[in-house]
Amino acid sequence: MGDIFDKILKNPGPLGQYAKMAHGYFAFPKLTGEIGPRMFFNGREVLVWSLNNYLGLANHPEVRKADADAAAQYGLAYPMGARMMTGESDLHEQLEQELAAFVDKPAGMLMNYGYQGIMSVVDALLGRHDVVVYDAESHACLVDGVRLHAGKRFVYKHNDMESLEKQLEHARNVTQQTGGGILVITEGVFGMSGAQGNLKGIAALKDKYNFRLLVDDAHGVGTMGPRLGGTGQEQGVQDKIDVYFGTFAKSFASIGAFIAATPEVIQFLKYNTRSQIFAKSLPMPLVVGALKRLELMRTRPELKDNLWKIVHALQTGLRDVGLNIGKTNSPVTPVVLTGSPQEATHVVFDIREKRNIFCSAVVYPVIPKGTIILRLIPTAVHSLDDVQYTIQAFAEVADKLKNGLYNKEDFAAGVVPKF
Ligand SMILES: Cc1ncc(COP(=O)(O)O)c(C=O)c1O
């Protein structure tokens, strides 16, 4: 008989296998100081491009004041208990209504965390006779939600409408037998590539295949659309989204999440989403804080204008110096380079230590071997000087990489891990 802990030593997991070399630098780095474009890493000031603080609300003085006042007034405990039991309040309900209106839907449901919330919503919506069809690059929380489903599931190639149609045909064949329905799941903006989900293309198939559409718009709410109400608003198909998901973890710079849909769907979800029924209500400072953030999104057009000014300057500038930023059509800006994982570590080290720029790097096994993605997240509080400095630095680094210099360079032993 074995011990379930035996495997922990033998197999630390696909990411855990790198923990020894990566911990504290490439994984779990500590950024200190006030949240914004300038923070501290290992005691040095760095220009930060890795936080989803799109609108710069994390450190907005009015937001900080609203958060602090609400914490002083309510503390972190109120209201105690799950919403259904003792955790309901007028302000929770008000926030739900305002969030729903913000994304052009009639009703809303707050959730205490996005990940568990959306997972559970997928679970609640699907019965065993139903079929789920989802994009291959869906976020882990959606995949985990799909894993809870006892019926059939089909995955379609990322943003590929031909592949989606093929899977919808399979789904239709199944539901003709079972009598169930079909749920299609995509993201509004894919957080790694920055590509918008093809919501228009998906919506165009609704009549033919008679499915419901769930959109995880974690990166789209507060960044996309004429009124920041999301990617469906951006593509003119918000009304085709049956279940809309947004999180407070990004543009809202807080914690919590929400679903928006028809009153019937919301009523059903309030009574059937297990991760919310059996978990504590969102604390009041987070609710009051979210109301303030929403108010600013609605009334301060300069937040959106500043964000998109920086997005356009950064993306145009990177393209102009010949860098590949993939298929992004959102603020998420991946710089796609070619090199080994070892070269990637040297690139990141060069950018962080010598150029004082902090951005996230993604390498194998998260993406295919030989590709390095440096992901930049522009925000409303970056400056055009920050953009210029970063473009120049990235152009130089890409040039060094192309010329094989990161294979030769003698980086401080012990600081850059060897793969
Ligand atoms: C696409 C997507 N969906 C869901 C989540 C989970 O949201 P939360 O951080 O609120 O748990 C994230 C990450 O924050 C995300 O990027």
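The following legends describe close-up views of a predicted model.

**View 1. Residues surrounding the ligand.** The ligand is surrounded by 13 residues, and the closest are Gly 114, Tyr 115, Ala 218, Thr 247 and Ala 249. Helix H5, which covers residues 114-125, supplies the largest share of this shell, namely 3 residues. Sorted by class, the shell contains 7 nonpolar, 4 polar and 2 charged residues.

**View 2. The open sheet of 7 strands.** In this sheet the strands follow the order E4-E10-E9-E8-E7-E5-E6, and their pairing is mixed. The edges are formed by E4 and by strand E6 (152-156), each of which pairs on one side only. On average, neighbouring strands of the sheet are turned by 20° against each other, direction ignored.

View 3. Which residues cover the two faces of E4? Ala 107, Met 109 and Met 111 lie on one side, while Gly 108 and Leu 110 lie on the other, and all of them are buried. A residue counts as buried here if 20 or more other C-beta atoms lie within 10 Å of its own. Strand E10 (residues 257-261) pairs with E4 in the antiparallel sense, over 5 bridges. Within this pairing, Ala 107 stands opposite Ala 261, and the bridge partner of Met 109 is Ile 259.

**View 4. The open sheet of 3 strands.** The strand order in this sheet is E11-E14-E13, and the pairing is antiparallel. Strand E11 (333-338) and strand E13 (360-362) are the edge strands, and each pairs on one side only. From one strand to the next, the twist averages 25°. Strand E14 (residues 371-376) is joined to E11 by 6 bridges, and these two strands run antiparallel. Opposite Thr 371 in E14 stands Thr 338.

**View 5. Helix H14 and its two sides.** The buried residues in H14 are Leu 303, Lys 304, Leu 307, Ile 310, Val 311, Leu 314, Gln 315 and Leu 318. They cover an arc of only 135° around the axis, which puts them on the same side of H14. The spacing of such positions follows a general rule: an α-helix has 3.6 residues a turn, so residues three or four places apart point the same way. The face of H14 turned away from the buried side carries the exposed residues Pro 301, Glu 302, Asp 305, Thr 316 and Asp 320.

View 6. Most residues other than glycine have a negative phi, and most peptide bonds are trans. Phe 28 is not a glycine, although its phi is positive, at about 55°. This residue is placed in the loop between helix H2 (19-22) and strand E1 (31-32). Is Phe 28 buried or exposed? With 9 other C-beta atoms within 10 Å, Phe 28 is exposed. Leu 228 is not a glycine either, and has a positive phi of about 65°. The loop that holds Leu 228 lies between strand E8 (212-216) and H10. Leu 228 counts as buried, because it has 24 C-beta neighbours inside 10 Å. The peptide bond from Tyr 78 to Pro 79 is cis, and its omega is near -5°. Pro 79 belongs to the loop between helix H3 (61-74) and helix H4 (90-102).

**View 7. The position of Val 237.** Val 237 is found in the loop between helix H10 (231-235) and strand E9 (243-247). This residue is partly exposed, since 19 other C-beta atoms lie within 10 Å. Where does Val 237 stand in relation to Ala 66? The two residues are 171 residues apart in sequence and 34 Å apart in space, taken from C-alpha to C-alpha.

Conventions. Residues numbered from 1 in each chain as written. Predicted model: local features only at pLDDT ≥ 70, side-chain atom pairs only at ≥ 80, totals over all residues. Near = placed C-beta within 6 Å. Helix = DSSP H or I, 4+ residues; strand = E, 2+ residues; numbered from the N terminus. Nonpolar A, V, L, I, M, F, W, Y, C, P; charged D, E, K, R; others polar. Pairing = 2+ DSSP bridges. Axes fitted to C-alpha atoms, helices over the stretch in contact; angles between N-to-C directions. Buried ≥ 20, exposed ≤ 12 C-beta atoms within 10 Å, placed from the backbone. Arc of directions from axis to C-beta.
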